[in-house]
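Dear colleague,

I am passing on a structure that you have not worked with before, and the sequence and coordinates are placed just below. After them I set out what was found.

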Amino acid sequence: RPLKGKSDLSRLFSGDELKHPQANIVPFERVKSHQYNLRPFYYMEDIIDSDRQLLELSDLIEEKEDIVDPTEEPDKEFKLCSVSQDWIFLSDTIIWAEFTQKYKRIHAGDLVYNPHRINIGSIWIVPEHLDGGLVSKIYPVFSSITDIPNYYILKLLKQKRYQDIIMNYSLDSARANLPLNELKRIKIPELTKEEIEQIKKLYKKINRREDYGR
């Protein structure tokens, strides 16, 4: 049945309506060399519309892998933490005998996320009272290595537009699975020095007042 006006298909190939194309021609040899991977955003980017210069997270962040084997510290009690879309929280306190695997240690100020639920905002900054806690090894942990504050990165990645990008970059279609190397592809707007200082002051103010819900 014919539709009036321009269809979604025509918009895919129209350079007049979209600032960034939503379709791309990929040589067969490239698809073949990548085991016939047909995930669209493996071959193209999803970039926000912005008048500012965009910075790729791969240039701004660094993974933190502090692997812990609790059996090596038999007299210590460990805080086991989880991340939801609402908070990062203490899910259990256990001793070494209850551990069957290795974990990642998190530190105050780190960014940590659940790779299967980050598309709905399950990413947070580690608060002071969970410093030294543990999370599952599947949780990516990272931190800014530039002047760009972790709090700025956090607030962007929890926005609806960025959650759409996260879903597009996820490796599974039925359930999100975003490894850190895919998250690093995301591009965010550059900040001025004044904006960076304002964000840092705001973060300190929020952290002091709320103390992350303690």
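In helix α3 of this predicted model, the buried residues are N150, Y151, Y152, I153, L154, L156 and L157. Helix α3 covers residues 150-157, and because seven of its eight residues are buried, the helix is largely enclosed by the rest of the structure.

Strand β10, made up of residues 141-144, is buried as well: V141 and S143 point one way from the strand, F142 and S144 point the other way, and all of them are buried.

Which strands pair with β10? One of them is β2 (residues 61-63), which is joined to β10 by three bridges in the antiparallel sense, and here I61 has S144 of β10 as its bridge partner. Another is β7 (residues 111-113), which runs antiparallel to β10 and is connected with it through two bridges; in this case V112 has V141 of β10 as its bridge partner.

As for the protein as a whole, it has 214 residues, of which 38% are buried, and it contains six helices and eleven strands. When contacts between residues at least 6 apart in sequence are considered, 71% of them join residues that are at least 24 apart.

With kind regards

Definitions and conventions:
Residues numbered from 1 in each chain as written. Predicted model: local features only at pLDDT ≥ 70, side-chain atom pairs only at ≥ 80, totals over all residues. Heavy atoms only, no water. Buried < 20%, exposed > 50% of the residue type's maximum accessible area, 1.4 Å probe, protein only. Helix = DSSP H or I, 4+ residues; strand = E, 2+ residues; numbered from the N terminus. Pairing = 2+ DSSP bridges. Contact = heavy atoms within 4.5 Å.
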